[in-house]
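Opening my notebook on this one. I'll jot things down in the order I looked them up.

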Amino acid sequence: MLDLFGGAHLEGLNPQQLEAATHFEGPVLVLAGAGSGKTRVLTARVCQLVHQHGVPLDRILAVTFTNKAAGEMRQRISSLLGTEPKGMWVGTFHSLGARLLRKHADRLGWDRTFSIYDADQSLRLVKSVVESVGLDPKRWKPKAIRSEMSNAKNQLIDGVEFARDTEGSFDLFLRNVGKVFPEYQQALKKQNAFDFDDLLMKPVQLFEENPELLEQYRDRFSFILVDEYQDTNKAQFRFVELLASQHENLMVVGDPDQSIYGWRGADIRNILEFEVAFPRARTVALEINYRSKARILEAANAVIEENLNRPEKTLRAHRDGGELVTLVETLDENDEARWIVSEIEARLRETLGLAYSGCAVLYRTNAQARALEDGFRRAGVPYQVVGGVRFYERREIQDVLAYLRLISNPRDATAFERVANYPRRGVGLTSQEHLVRWAQEQGITLLEAAARADEITDLRAAGAKGLMRFADLIQRFSLRAIQAKIGELLEELVEDLDLVRHLYDEGPDGEDRARNVAELIAGALDFDADLMQIMDPEEVDTFTELDLFLQQVALVADVDRLDPNASTVTLMTLHNAKGLEFPVVFIAGMEEGLFPLRRASDDADELEEERRLFYVGITRAEDKLSLCWARQRRRAGEFTYGMLSSFVESIPDALLDRRRTQRLTRGQDSTPHRGASYRGGYRRPVEEVEEEHFEPDTDDSLNQDQPRFVKGERVLHPTFGSGAVVEISGFGRDLKVTVHFDEVGTKKLLIRYASLEKDWP
């Protein structure tokens with residue numbers, strides 16, 4: 001263990017980092033540029049409070065943006081202190097909110113064994129409420145209604161207030177949301193559940209309605225540290241303000257240049273106006289970047305300087321030199337994917353110590369992942385996708401978790417309805433409708449009604465028997481959950497349901513689904529209740545491992561499932577890349593209208609946020625950065641013709657290494673088309689881009705680079721994928737080829753327009 005008065009935790013800090021880490025009392029704003037060592041400063045300050053000032057760990061609260069960041073912070077503090085930081089609260093706003101509600105939800109009218117509804121469960125409930133208030137879910141989309149309610153909650157507006165404010169609105173959509181919102185909140189309460197936004201809003205309500213409780217937590221948390229402060233919304237700001245406004249021992253760390261969540265309620269003014277909220281605040285700027293080579297950082301600085309709504313700050317590189325930023329022009333998304341894959345393979349051959357895990361491909365929208373995944377699969381290059389279909393959102397996982405939620409929270413009607421007849425036990429929709437009606441008449445839960453199903457006269461005997469068996473199973477496992485480890489409980493549940501056999505009986509996908517359930521069990525067996533290491537003794541006694549496991553699962557984020565030790569290339573959106581770093585980074589889809597998104601071009605604030613997102617992407621790269629754009633790209637089922645993103649215009653030519661793929665050079669005209677030349681690409685009005693199609697200027701029948709095909713060989717099409725040539729007919733410009741594609745069947749194509757190429761093994 002470190003000596004109590006030792007300073008090992010401060011060793012190696014630069015003057016600005018040292019100033020921030022040794023700050024004691026009063027508010028402090030740390031403007032921490034990308035790669036400037038903010039996590040090190042935060043952990044050093046915690047150790048400084050403990051070592052130098054004798055602050056007990058249980059008087060410190062640290063708030064992070066992701067579970068991954070919370071785990072890293074706890075691990076670093078543990079390493080520096082030489083012991084676990086027991087008693088210290090470290091976590092995301094959502095996890096800390098859940099923790100507070102676990103202790104005090106009864107003050108708001110909820111039971112402390114509440115469920116936390118994820119996006120899918122919340123959406124199901126919204127749809128049910130939409131129908132119950134007489135609206136057509138096909139016209140009034142539940143997803144749009146949920147989004148509007150989420151925005152309101154993040155602004156601390158509840159259902160009753162929203163309904164009152166929108167009652168006389170000219171906007172019919174808002175009036176309808178006002179009908180749904182209060183009913184949705186009542187439905188949540190009836191089922192003893194919170195959604196994600198409640199985990200931010202309800203703790204604020206808890207403190208505002210219970211002054212003595214607020215005072216208790218103000219006294220407890222004498223020092224508060226908040227990471228990624230630029231991404232906080234109104235609810236999060238109010239939570240921090242309530243806890244810190246009395247003692248003002250608040251350190252917030254963030255970078256306005258990396259504020260990228262305005263679309264989900266984050267307010268950049270929280271950090272820009274921190275000194276207004278806390279007038280005694282001291283400001284420390286961390287401007288030395290330890291991550292990226294100098295040329296990468298010069299490109300990042302040049303991009304972000306275009307933004308007007310930012311404090312003056314210029315990052316300086318600790319690492320000199322580096323390669324130029326590669327800017328590559330490709331024919332389409334498949335060509336883009338092929339170039340990225342081949343470049344990664346070349347890098348691995350040429351760079352000692354570089355592994356697949358050191359490479360990442362970032363993109364603006366999830367839809368871009370498809371072509372990239374196809375490219376990696378064909379080349380046999382291992383990869384992992386962060387995002388897409390999340391593990392915990394898979395059907396079979398949701399089914400098992402619904403059982404666990406019902407075992408933990410008997411009032412969870414959404415969970416009940418999901419699994420009452422899964423696996424099949426003779427409880428059809430008609431039986432469930434009779435059950436719901438009878439439960440409402442009796443004023444009892446669905447589970448209580450199921451246990452008394454033989455009293456429901458409308459129910460057939462088979463349905464009643466199945467419901468009673470189901471209720472008995474849940475009751476047995478509820479008793480078992482009081483003492484059992486979650487891994488043991490889950491193993492027994494899956495075995496009791498004979499779930500693996502049922503999954504295998506489903507057909508070809510059954511084996512994969514069974515493997516996913518096995519992975520869930522493995523995770524449950526490994527679950528060591530990390531929260532219990534830092535919980536108060538009364539919390540450990542109050543909650544079962546099942547409660548804690550469900551809370552952890554509900555709060556897991558996309559990026560938390562990233563395996564940094566996997567020997568794979570990482571594919572993810574730019575938003576998910578926040579806080580990560582890789583030796584080699586590719587940013588795909590650098591086309592105007594895709595990045596920045598077209599809708600941002602008409603809004604100055606949105607455009608600045610898109611540029612900040614580009615800045616975040618650039619600063620993920622340690623040694624090498626490549627930017628890729630495509631002449632044409634299939635989006636929403638249609639081809640669009642692209643031009644280079646205006647964001648690239650900010651990067652000085654001296655920092656760019658311009659390239660074009662072989663396929664583009666070979667098969668397409670290399671001259672600009674009617675528009676002014678634009679930084680190595682071409683720029684034209686959007687309406688012209690959408691209407692014009694590129695055609696080669698040469699006669700393809702005379703083009704020696706045009707691929708020749710023979711019957712039986714494998715070919716690749718940018719839209720239809722892989723296939724085999726069945727027939728070739730015609731001559732010259734009318735040459736046609738019939739191809740049987742693996743996924744879409746047989747197509748007859750005109751070769752000069754088909755963009756076919758040989759699908760090399």
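Predicted model: local features only at pLDDT ≥ 70, side-chain atom pairs only at ≥ 80, totals over all residues.

**Arg 238.** Arg 238 sits in helix α11, residues 234–244. Helices here are DSSP runs of H or I with at least four residues, strands are runs of E with at least two, and both are numbered from the N terminus.

I then listed what Arg 238 touches, skipping residues up to four places away in sequence: Leu 156, Val 204 and Glu 208. Contact means heavy atoms within 4.5 Å. I also checked Pro 203, which is 35 residues from Arg 238 in sequence and 10.0 Å from it in space, C-alpha to C-alpha. Buried or exposed, or in between, for Arg 238? Its relative accessible area is 25%, so I put it down as partly exposed. The cut-offs are under 20% for buried and over 50% for exposed, with partly exposed in between, using a 1.4 Å probe and protein chains only.

**Ground rules.** Residues are numbered from 1 along each chain as its sequence is written, and side-chain values use heavy atoms, with hydrogens and water left out.

**Positive phi.** Leu 156, one of the residues that Arg 238 touches, has phi near 65°, a positive value in a residue other than glycine. I found Leu 156 in the loop between α6 and α7 (159–166). Its relative accessibility is 21%, so it counts as partly exposed.

Glu 228 also went on my list, with a positive phi of about 50° although it is no glycine. Its loop runs between β6 (223–226) and α11. I have Glu 228 down as buried because its relative accessible area is 9%.

**Cis prolines.** I looked at omega next. Tyr 422 to Pro 423 is a cis peptide bond, with omega near -10°, and Pro 423 lies in the loop between α18 (413–419) and α19 (429–442). Phe 595 and Pro 596 are also joined by a cis bond, omega about 10°. I placed Pro 596 in the loop between β15 (582–587) and α28 (604–618).

**Side chain to backbone.** Which backbone nitrogen does the side chain of Gln 368 reach? That of Thr 365, at 2.9 Å. Gln 368 is in the loop between β12 (359–363) and α16 (369–379). It is buried, since its relative accessible area is 8%. Leaving out neighbours within four places in sequence, I get Tyr 363, Ala 588, Gly 589, Leu 594 and Arg 633 in contact with Gln 368.

Glu 448 gave me another such pair: its side chain reaches the backbone nitrogen of Thr 445 at 2.9 Å. Glu 448 belongs to helix α20, residues 446–451. With 42% relative accessible area, Glu 448 is partly exposed.

**Helix pairs.** How do α6 and α8 lie relative to each other? I noted α6 (residues 142–154) packing on α8 (residues 172–190) at about 75°, axes 10 Å apart, so they are roughly perpendicular. On the α6 side the contact includes Ile 145 and Met 149, and on the α8 side Phe 173 and Tyr 184 are among the residues. Axes are lines fitted to C-alpha atoms, for helices over the stretch in contact, and angles run from 0 to 180 degrees between N-to-C directions. Under 35 degrees is roughly parallel, over 145 roughly antiparallel, 65 to 115 roughly perpendicular, and the rest oblique.

For α2 (residues 38–51) and α3 (residues 67–81), the axes come within 10 Å and cross at roughly 45°, so I wrote oblique. Residues that meet there include Val 46 and Val 50 in α2, and Ile 77 and Leu 80 in α3.

**Whole chain.** Last, I counted 31 helices and 26 strands in the protein chain. Of its 761 residues, 55% count as buried. Among contacts with a separation of 6 or more, 73% are between residues 24 or more positions apart.

Key: Polar contact = N/O pair within 3.5 Å; in protein donor to acceptor, adjacent residues only side chain to side chain.
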